[in-house]
Amino acid sequence: MNATRTGLLTGLVLGFALAFGGFGAFLAVLVLGAIGSLIGRHLDGKIDLVQLFGRDRG
């Protein structure tokens, strides 16, 4: 799935959450989507979460 389709799908999901669940549901979907995105990028090897959240050994 390319970035355009992913962005469109994300926008639709957030729009439905806001329309049918209210602002609280919108924020929950937004936060969980961001966490899922970080995990997905980590699994793809595009970012290193260990360096981002890990302790500095120096």
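**View 1. Ile-35 in helix H1 of the predicted model.** Ile-35 sits in helix H1, which covers residues 3–44. The coordinates are those of a predicted model. With a relative accessibility of 42%, Ile-35 is classed as partly exposed, because that class lies between under 20% for buried and over 50% for exposed. Ile-35 belongs to a nonpolar surface patch together with Val-31, Leu-32, Ile-39 and Leu-43. The accessible area of these residues together is about 510 Å².

**View 2. The rings of Phe-16 and Phe-20.** The whole structure contains two aromatic pairs. In the pair of Phe-16 and Phe-20, the ring centres are 5.9 Å apart and the planes meet at 15°, so the pair counts as stacked; the cut-off for stacking is under 30 degrees. Both residues are part of helix H1, with a spacing of four residues, or about one turn of the helix. An α-helix has 3.6 residues a turn, so residues three or four places apart point the same way. Phe-16 is exposed at 52% relative accessible area, and Phe-20 is also exposed, at 70% relative accessibility.

**View 3. The bend of H1 at Gly-21.** Helix H1 bends by about 145° at Gly-21. The C-alpha atoms at the ends of H1 are only 14 Å apart, although the helix has 42 residues. A straight helix would reach 62 Å at 1.5 Å a residue.

View 4. Helix H1 itself spans residues 3–44.

**View 5. The protein chain and its surface.** The secondary structure of the protein chain consists of two helices and zero strands. The chain has 58 residues, of which 5% count as buried. Its accessible surface comes to about 5,000 Å². Carbon and sulfur atoms account for 66% of that surface.

Definitions and conventions
Residues numbered from 1 in each chain as written. Predicted model: local features only at pLDDT ≥ 70, side-chain atom pairs only at ≥ 80, totals over all residues. Heavy atoms only, no water. Patch = residues over 30% accessible without salt bridge, like charges linked within 9 Å, V, L, I, M, F, W, Y side chains within 5 Å. Areas by Shrake-Rupley, 256 points an atom, 1.4 Å probe, with all protein chains shown as cover. Salt bridge = Lys/Arg side-chain N within 4 Å of Asp/Glu carboxyl O. Buried < 20%, exposed > 50% of the residue type's maximum accessible area, 1.4 Å probe, protein only. Phe/Tyr/Trp six-rings, centres within 6.5 Å; stacked < 30°, edge-to-face > 60°. Expected span 1.5 Å × (residues − 1). Bend = angle between axes of the 7 residues up to and from the residue.
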